[in-house]
Amino acid sequence: KRTFGDFQFIQNQENLGFARSYNEGLIRTEGDLVVIMNYDIRLTPNTLDSMIDCLEQRYSLIAPVTNNVGDAHQRVTGFKEIADYSENELSRIDEFANEKRLEFKLKPKIKEIKFPMGMFWVMPKDVVNDVGLFDERFEIAFWEDTDYAVRLRNSGYTSAVDLSSFVYHGKAGEDLASLKTMLKYPFKIKKDRLIFFKNQVRFIKKHGMKTYLDYVKETAFSR
């Protein structure tokens, strides 16, 4: 507390996965706003303030744009993946983010979408209290964020993307979670791919869909 102030650090003895880990943090939150952020996010300057500003304009969940995400509404192009975590490479992320922010200085920066990807969200604690915690039936990772976004929308809340806020998502070098790497090294990440598809089936069954195409029609590139 002398170093960080009002700060809690939770260390689990085993890997509980995203859903349970998020939930442990959510249960302990006491403020008016909740920030959920993956471990491989570079939070760029002024991003949090900008997203909170968007949140105050009648939205219940705000997500940023990024370089590595499945949803087209949140994906930006033109940023070359970092090679390492040197100051020069991290500065390059921040410079790109600043250029993106200036790009939207004179035009609307908010885009309402159905189901934003959950690598980085800002939302009011009251919304979390109403919608509830993440579904821990989703193993380790994958689809727990999409499930939460569906539940949030079904509860009458709206989600949006702050188009002016860019964060870097992914590890330096090759990202083993990316689709490109999955196709390039199918055996190296076979276990993770199996979890992905098992959780996908859980999601489809939970929300009364027949196939994955039903989800694509509902969400993928439509508002």
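Colleague: Which residues form a nonpolar patch on the surface?
Modeller: Keep in mind that this is a predicted model. The patch is formed by F4, F7 and F9, and together they have about 400 Å² of accessible area.

Colleague: Take F9, then. Where is F9 placed?
Modeller: F9 sits in the segment before α1.

Colleague: And is F9 buried or exposed?
Modeller: Exposed: the relative accessible area of F9 is 64%, and the cut-off for that label is over 50%.

Colleague: What about Q11, where does that lie?
Modeller: Q11 also lies in the segment before α1, the helix that covers 17-28. Q11 counts as exposed because its relative accessible area is 61%, and exposed means over 50%.

Colleague: How far is Q11 from S21?
Modeller: Their C-alpha atoms are separated by 9.5 Å, and the two residues are 10 apart along the chain.

Colleague: Switching to pockets. Which residues line the second largest pocket?
Modeller: The lining is made up of D6, F7, Q8, F9, I10, R28 and E30. F7 and F9 turn up here, and they belong to the nonpolar surface patch too.

Colleague: How much space lies in that second largest pocket, and what classes of residue are in the lining?
Modeller: The second largest pocket holds about 250 Å³ of space. Its lining has 3 nonpolar, 1 polar and 3 charged residues.

Colleague: Why does I140 count as partly exposed?
Modeller: Because the relative accessible area of I140 is 37%, which falls between the 20% limit for buried and the 50% limit for exposed.

Colleague: Last one, α5. How many of its residues are buried?
Modeller: 9 of the 11 residues in α5 are buried, so the helix is mostly covered. Among the buried ones are D145, Y148, V150, R151 and L152.

Colleague: What comes just after α5?
Modeller: G156, which takes a positive phi of about 95 degrees.

Terms used. Residues numbered from 1 in each chain as written. Predicted model: local features only at pLDDT ≥ 70, side-chain atom pairs only at ≥ 80, totals over all residues. Heavy atoms only, no water. Helix = DSSP H or I, 4+ residues; strand = E, 2+ residues; numbered from the N terminus. Buried < 20%, exposed > 50% of the residue type's maximum accessible area, 1.4 Å probe, protein only. 1 Å grid on protein atoms, 1.4 Å probe; cavity = no way out; pocket = protein on both sides within 12 Å on 5 of 7 lines; lining within 4 Å. Points joined across faces, edges and corners; volume = space filled by probe spheres on them. Nonpolar A, V, L, I, M, F, W, Y, C, P; charged D, E, K, R; others polar. Patch = residues over 30% accessible without salt bridge, like charges linked within 9 Å, V, L, I, M, F, W, Y side chains within 5 Å. Areas by Shrake-Rupley, 256 points an atom, 1.4 Å probe, with all protein chains shown as cover. Salt bridge = Lys/Arg side-chain N within 4 Å of Asp/Glu carboxyl O.
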